[in-house]
Amino acid sequence: ICRMASFHRAKLKDFVTANTAEVVGALSRRLLERFPGNQQEQLKAWKAQIELLQQASDVLLQRFPLGAEWSILFEVPLMRLQRRLDVVLLAGQVVAVIEFKVGASSYEPGMARQVEDYALDLRDFHLASRDLTIVPILCATEAADGSSFHHTIRGQVWPVHHTNRQGLPRLLTALAMSQEQSNAPQLDVESWDESPYRPVPTIIEA
C-alpha cells in the first residue's frame, strides 16, 4: 500500500488569482526533487496549462460561484502506470481528470486511451476514488471543437470528453451545472490526495 501525493494543490478560489510563476515554481521544485536536470519543456507546458485553467476557472466562477470550493491538483502520480495525471479537479463528489496536449491540433486515439486509462486506474486502485463519478477530459489546445458534455450514471467512469482551449471553460461550466442541484458535500482535497493507492503486484512480485 502506498499513498499518492500531488506536486501542488489548491482551492479553485485561490488558484484563479494565483501568480502563474509561483505555481510553476512550486511544481518545478517538486519535479527537481525527483528528476534532476533540464526541464524547460515541462515548465513551458505547465505555464500554458495554468494560464488556460485560470481563464477557464474565472469563467466558471462567474456562472457557478460554488465552484470556488472545488479543489485543483497538479501532477498526481499513478504508481502502477508510473505516470502522472496532469490535472485533477475535485468538483463536489466528481473527480475530473484533465490530460493536456499543449500545441496538439488533433485528437489522436492514443491520447483518449491515455486519459481513459488514468481514470480507470483511479477507479480501480485509488481508495478515495472508488464509487465516485470520474470524468476523463482530453484537452488538445489547438484542435477543432470537441465533444458536447454528456454523462452516464453516477459512480462510473464517464466517456472521454474532447476539448480545446476555447472549449475548456464551457466544458467545466457544463460540469458545474450538472452538479448544481446536488447536495453532496465537497470532497476533501487532503484526504483524497493522501488516500491509499493499492496497485496490483506484478507476477514476479506476487
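This report walks through the helices, cores and aromatic pairs of the chain above.

What we have here is a predicted model, so local features need pLDDT of at least 70 and side-chain atom pairs count only at pLDDT 80 or more, while totals for chains, interfaces and linings use all residues. Residues are numbered from 1 along each chain as its sequence is written, and side-chain values use heavy atoms, with hydrogens and water left out.

**Overall layout**

The chain has six helices and eight strands; these are DSSP runs numbered from the N terminus, with H or I over at least four residues for helices and E over at least two for strands. Reading from the N terminus, the order is β-β-α-α-α-β-β-β-α-β-β-α-α-β. Take the contacts (heavy atoms within 4.5 Å) between residues at least 6 apart in sequence: 70% of them join residues at least 24 apart.

**Cores**

The largest nonpolar core holds 37 residues, and Leu 53, Trp 70, Ile 72 and Ile 98 have the most contacts inside it. Such a core is a set of buried Ala, Val, Leu, Ile, Met, Phe, Trp, Tyr and Cys residues joined through side-chain atoms within 4.5 Å. Among the elements that each supply at least two residues of this core are helix 1 (12–15), helix 2 (20–34), strand 4 (83–91) and helix 5 (167–179). Helix 3 gives the largest share, seven residues. There's also a second, separate core of 27 residues, including Leu 73, Leu 78, Leu 85 and Ala 104.

**Helix packing**

Axes are lines fitted to C-alpha atoms, for helices over the stretch in contact, and angles run from 0 to 180 degrees between N-to-C directions.

| Helices | Angle | Axis separation |
|---|---|---|
| Helix 3 and helix 5 | about 40° | 8 Å |
| Helix 2 and helix 3 | about 140° | 10 Å |

Helix 2 is oblique to helix 3, and helix 3 and helix 5 are oblique to each other too. For the cut-offs, under 35 degrees is roughly parallel, over 145 roughly antiparallel, 65 to 115 roughly perpendicular and the rest oblique. The crossing of helix 3 and helix 5 is right-handed, and the crossing of helix 2 and helix 3 is right-handed as well. Right-handed means that the near helix is turned clockwise from the far one by less than a right angle, left-handed anticlockwise.

On the helix 3 side of the contact with helix 5 you'll find residues including Leu 52, Leu 53 and Ala 56, with Leu 168, Pro 169 and Leu 172 among those of helix 5. Where helix 2 meets helix 3, the residues include Val 23, Val 24 and Leu 27 in helix 2, and Leu 43, Trp 46 and Ile 50 in helix 3.

The structure holds two aromatic pairs. Rings of Phe, Tyr and Trp (its six-membered ring) pair if their centres lie within 6.5 Å; planes under 30 degrees apart are stacked, over 60 edge-to-face and the rest tilted. Phe 15 and Phe 74 make a tilted pair, 5.6 Å centre to centre with 50° between the planes.

The C-alpha atoms of Pro 77 and Ala 5 are separated by 6.8 Å, though the two residues sit 72 apart along the chain.

Key:
Buried means under 20% relative accessible area, exposed over 50%, partly exposed in between (1.4 Å probe, protein chains only).
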